[in-house]
Amino acid sequence: MARVIKSERNRPYLIQVGGQNIAICACGLSKNKPYCDGTHKITRDEEESKIYAYDENRNKIVIQVLDEEGKTVDLPTEILPE
Ligand code: FES
């Protein structure tokens with residue numbers, strides 16, 4: 001089963017519990033959820049107008065939509081990050 005999760009944040013949420021600082025993953029890519037494992041760093045060069053996916057090895061894939069003639073179609077604005 002596959003699942004697509006939309007996440008626009010590229011850094012963790014930082015919280016304090018019992019005087020200890022804890023980084024909670026907000027990018028969706030950590031292999032140690034709910035904790036941040038630093039994987040969010042691979043999202044820092046993402047461009048606003050594109051959509052990215054990552055495979056299980058954290059390899060980046062740029063999602064591109066083509067029309068029947070193979071030309072790039074602009075992505076609907078409702079699925080792009082604000
Ligand atoms: S915020 Fe997800 S790995 Fe750091």
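Which residue in β4 stands opposite Tyr54? Lys60 takes that place, and the legends below set this pair in its context.

**Figure 1. Overall view of the predicted model.** The structure shown is a predicted model, in which local features need pLDDT of at least 70, side-chain atom pairs count only at pLDDT 80 or more, and totals for chains, interfaces and linings use all residues. Residues are numbered from 1 along each chain as its sequence is written. The protein has six strands and zero helices; helices (H or I, at least four residues) and strands (E, at least two) are DSSP runs, numbered from the N terminus. Along the sequence, the pattern reads β-β-β-β-β-β. The C-alpha trace spans about 60 × 25 × 25 Å along its principal axes. The radius of gyration of the protein is 16 Å, whereas a compact globule of 82 residues would have a value near 12 Å; this radius is taken over C-alpha atoms, and the globule rule is 2.2 Å times the number of residues to the power 0.38. Buried residues account for 5% of the 82 residues. A residue is termed buried if 20 or more other C-beta atoms lie within 10 Å of its own, exposed if 12 or fewer, and partly exposed in between, with C-beta atoms placed from the backbone. Among contacts between residues at least 6 apart in sequence, 17% join residues at least 24 apart; a contact requires that the two C-beta atoms, placed from the backbone, lie within 7 Å.

Figure 2. Strands β1 and β2 run antiparallel and are joined by five bridges; two strands pair if DSSP finds at least two bridges between them. Tyr13 has Ile24 of β2 as its bridge partner. Two residues lie between the strands of this hairpin, and Gly18 in the turn has a positive phi of about 55 degrees. Strand β1 (residues 13-17) lies largely in the open, because the number of buried residues among its five is zero.

**Figure 3. The loop between β2 and β3.** Pro34 is found in this loop, and the peptide bond that leads from Lys33 to Pro34 is cis, with omega near 10 degrees. Thr39 also has its place between β2 (20-24) and β3. With 16 other C-beta atoms within 10 Å, Thr39 is partly exposed. Leaving out residues up to four places away in sequence, Thr39 touches Cys27, Leu29, Ser30, Lys31 and Arg58. The C-alpha atoms of Thr39 and Arg58 are separated by 8.2 Å, with the two residues 19 apart along the chain.

**Figure 4. The hairpin of β3 and β4.** Strand β3 (residues 51-54) and strand β4 (residues 60-63) run antiparallel, with four bridges joining them. Five residues lie between the two strands of the hairpin. Arg58, in the loop between β3 and β4, has a positive phi of about 65 degrees although it is not a glycine. Arg58 is classed as exposed because it has 11 other C-beta atoms within 10 Å.

**Figure 5. Ala53 and its surroundings.** Ala53 belongs to strand β3. Ala53 is exposed, with 11 other C-beta atoms within 10 Å. Apart from neighbours within four places in sequence, Ala53 is in contact with Ile61 and Ile63. Gly19 is 34 residues from Ala53 along the chain, and the C-alpha atoms of these two residues are separated by 36 Å.
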